[in-house]
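Subject: Structure for you to look at

Hello,

Here is the structure I promised. Please open it next to this note and follow along.

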Amino acid sequence: MADSPELWKATYEAGTPEELNAAYARWATAYDRDTLDHMGYVGPQTSCGLVDNYLESKDSRILDAGCGTGLVGENLTDIGYQQVDAFDYCEDMLAVAGQKDVYDKLFQADLNRLSEVDNNTYDASVCVGTFTYAHVGPRGFDELIRVTKPGGYVCFTVRDGAYQEYDYRSHMLKLEADNAWELQTMAHEPYLLKEQVVAKFCVYKVMEA
Ligand SMILES: C[S@@+](CC[C@H](N)C(=O)[O-])C[C@H]1O[C@@H](n2cnc3c(N)ncnc32)[C@H](O)[C@@H]1O
């Protein structure tokens with residue numbers, strides 16, 4: 001169980017983006033200890049291993065969307081990637097991420113409206129833990145596709161439960177039917193080992209527009 005269960009719970013019960021932001025602001029400095037040590041959080045490690053199977057070069061330029069405290073950036077750096085940019089909505093989470101020195105560019109942005117990033121910029125986008133209860137809805141997929149180059153990859157998690165309750169699956173299928181992306185992997189894997197929480201880990205290839 002999380003050392004600060006009330007802080008974790010608040011992120012799933014937020015009713016508005018402002019409440020969600022405030023919940024992460026309160027959790028930011030305890031987030032790594034809570035998730036990694038107490039909850040067995042393996043989402044970043046598993047996702048980075050998955051996308052690494054598809055990228056041909058460690059020089060690939062990668063976007064970490066909803067980077068939080070930078071756990072994905074740390075994992076990507078550990079396996080050799082050196083060109084990683086990242087953003088998050090919550091300034092306090094970004095402040096923790098900034099201390100890790102794993103990103104080129106680190107900026108505040110909203111995945112629902114990612115106007116800060118040009119079309120076709122990245123070889124891969126990775127988004128872990130952000131398609132879930134009270135966070136970012138399925139339209140976030142469109143933004144990840146837009147900023148990823150054709151032939152590049154979008155890798156993300158969708159937490160079990162939210163996957164069934166929200167509209168993620170139908171939008172994922174619609175994007176496939178529209179030939180916007182092509183499914184490479186969908187694995188049903190542990191996400192929070194000590195909480196018995198599982199998630200879908202997905203990798204899609206972005207198609208030519
Ligand atoms: C569970 S954390 C995951 C953080 C990190 N990816 C990880 O795996 O540790 C979810 C993150 O999504 C961010 N977030 C929520 N809504 C967002 C939005 N609309 N745009 C960008 N980031 C958002 C939160 O601030 C938080 O840092």
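**Strand β2 and its surroundings**

Strand β1 (residues 61-65) and β2 run parallel and are joined by 5 bridges. Strands here are DSSP E runs of at least two residues, helices are H or I runs of at least four, and both are numbered from the N terminus. Two strands count as paired if DSSP finds at least two bridges between them. Between β1 and β2 the chain passes through helix α5 (residues 71-78), in a right-handed β-α-β crossover. Right-handed means that, with the strands pointing away from the viewer, the path from the first strand over the helix to the second runs clockwise.

A word on the source: this is a predicted model, where local features need pLDDT of at least 70, side-chain atom pairs count only at pLDDT 80 or more, and totals for chains, interfaces and linings use all residues. Residues are numbered from 1 along each chain as its sequence is written, and side-chain values use heavy atoms, with hydrogens and water left out.

Back to β2. On strand β3 (residues 106-108), β2 pairs in the parallel sense over 3 bridges. Ala86 has Leu106 as its bridge partner in β3, and Asp64 stands opposite Ala86. The chain gets from β2 to β3 through helix α6 (residues 91-98), again in a right-handed β-α-β crossover. 5 of the 6 residues of β2 are buried, so the strand is largely enclosed by the rest of the structure. Buried means under 20% relative accessible area, exposed over 50%, partly exposed in between (1.4 Å probe, protein chains only).

**Asp85**

Where does Asp85 sit? Its place is in β2 (residues 83-88). Asp85 is buried, with a relative accessible area of 2%. Its side chain makes a polar contact with the side chain of Tyr122 at 2.6 Å. The Asp85 side chain also reaches the backbone nitrogen of Lys105 at 3.1 Å. A polar contact is a pair of N or O atoms within 3.5 Å; within protein, one must be able to donate a hydrogen and the other to accept it, and residues adjacent in sequence count only if both atoms are side-chain atoms.

**The whole sheet**

7 strands form an open sheet in the order β3-β2-β1-β4-β5-β7-β6, with mixed pairing. β3 and β6 (181-192) are the edge strands, each pairing on one side only. Strand β4 (residues 122-131) runs parallel to strand β5 (residues 148-159), joined by 6 bridges. Tyr122 stands opposite Thr148 in β5.

Best wishes
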